[in-house]
Amino acid sequence: PAALRLPEAHATTLGAGMRVAVLDTGLDLAHPAFANRLARNGAGALLGRDFVDDDADPSEVGAGTDPGYGHGTHVAGLVSLVAPQATLMPARVLDRAGRGNVWVLAEALAWAADPDGNPNSDDGAHVINLSLGTTQTTNLLRTAVALADCDFDDDDEEFEDAGFDDDRARCANKFGAVVIAAAGNDGSATQQQFPAAEAVPGSLSVTAHTEQRTLASFANYGSWVEVAAPGDKIISTFPGGGYATWSGTSMAAPLAAGTAALVLATYADPRSVLPLDVTQRLVARTSPLCGTSFRTIDAAAAATDTQAPEPPCN
């Protein structure tokens with residue numbers, strides 16, 4: 001919280017009214033930290049989905065011995081830490097081993113943007129968090145992200161098909177989402193992770209830094225990475241009502257996603273703001289890391305749209 005300057009940010013906004021979709025391993029729906037923080041539709045039903053087992057229950061599946069178990073709950077807790085009055089739209093797209101496929105992820109992105117399939121109803125996410133990725137470039141994910149954050153127009157030949165009419169109508173209503181994606185944990189400047197490296201306007205790739213404001217040893221970096229956020233030894237929610245420590249760019253991304261929700265909540269009409277406007281504001285209001293050219297998210301500066309302070313480096 002201190003690194004992000006959350007107390008100062010929360011004096012301005014708590015993210016009320018914003019919906020953040022977390023596409024991950026699912027969520028411990030009964031965790032006390034998420035009481036009154038789950039998004040619901042007009043009928044009161046949970047806005048959540050399991051795209052692995054194809055049902056309406058996005059709960060975590062597995063046990064502590066499964067490598068992916070708890071990942072989604074941990075990530076969602078960080079969104080709520082930053083934007084405590086935003087609501088969560090959990091989608092299970094990864095199995096208990098933390099594995100998934102791009103087809104499922106593309107389907108979940110489409111759902112997060114428009115859960116009821118009606119382009120004229122505003123029930124989709126304002127922000128989508130992707131603490132996941134693949135090292136294989138995919139046109140499918142680029143298209144899915146572009147559709148979710150409405151980075152396309154009628155001049156884009158790939159979207160000329162009538163199958164995209166609902167997306168065109170939804171985006172004409174400005175029901176797009178900011179997409180935040182983790183940069184990956186290869187500790188490499190050359191190993192890109194997708195969709196973080198797709199460079200779709202209105203999306204943001206996020207790497208991780210340490211408590212000492214230095215780039216984490218595991219964190220990917222390079223010109224395709226846009227910002228950093230805390231991601232080393234991060235405490236957050238874990239299934240069973242508990243808490244755990246985890247490290248990775250997966251932890252940095254939801255801190256940026258929560259900040260995006262804070263920014264959107266400062267507008268009288270959040271749907272009047274393009275996802276690209278939000279990501280540009282997040283980048284413009286960052287502060288420097290030590291020993292690198294990267295800059296890190298500053299929630300207070302982003303929320304108030306003021307210049308971030310430049311902390312001294314030892």
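Guide: Let us begin with a term: a residue is called buried when its relative accessible area is under 20%. Please also note that this is a predicted model.

Visitor: Is His74 buried or exposed, then?
Guide: His74 is buried, because its relative accessibility is 0% and the cut-off is under 20%.

Visitor: And where does His74 sit?
Guide: His74 lies in helix α2, which covers residues 71-82.

Visitor: Which residues is His74 in contact with, leaving aside its neighbours within four places in sequence?
Guide: They are Ile234, Ile235, Ser236, Thr237, Ala244, Thr245, Trp246 and Met251.

Visitor: New topic: how many disulfides does the structure hold?
Guide: It holds 1 disulfide. Cys150 and Cys171 are the two partners, with an S to S distance of 2.0 Å.

Visitor: Where in the chain are those two?
Guide: Cys150 is in the loop between α4 (139-148) and α5 (165-172), while Cys171 is in helix α5 itself. The two are 21 residues apart, and the pair links distant parts of the chain.

Visitor: Is the link of Cys150 and Cys171 left-handed or right-handed?
Guide: The link of Cys150 and Cys171 is left-handed, with -80° about the S-S bond.

Visitor: Why does Cys171 count as buried?
Guide: Cys171 has a relative accessible area of 17%, and buried means under 20%.

Visitor: Last one: how many residues of α6 are buried?
Guide: In α6, 16 of the 17 residues are buried, so this helix is largely enclosed by the rest of the structure. Helix α6 covers residues 249-265, and its end C-alpha atoms are 25 Å apart, which agrees with the 24 Å it should span at 1.5 Å a residue.

Conventions: Residues are numbered from 1 along each chain as its sequence is written. This is a predicted model: local features need pLDDT of at least 70, side-chain atom pairs count only at pLDDT 80 or more; totals for chains, interfaces and linings use all residues. Side-chain values use heavy atoms; hydrogens and water are left out. A disulfide is a pair of cysteine sulfur atoms within 2.5 Å. Helices (H or I, at least four residues) and strands (E, at least two) are DSSP runs, numbered from the N terminus. Buried means under 20% relative accessible area, exposed over 50%, partly exposed in between (1.4 Å probe, protein chains only). Contact means heavy atoms within 4.5 Å. The expected span of a helix is 1.5 Å times one less than its number of residues.
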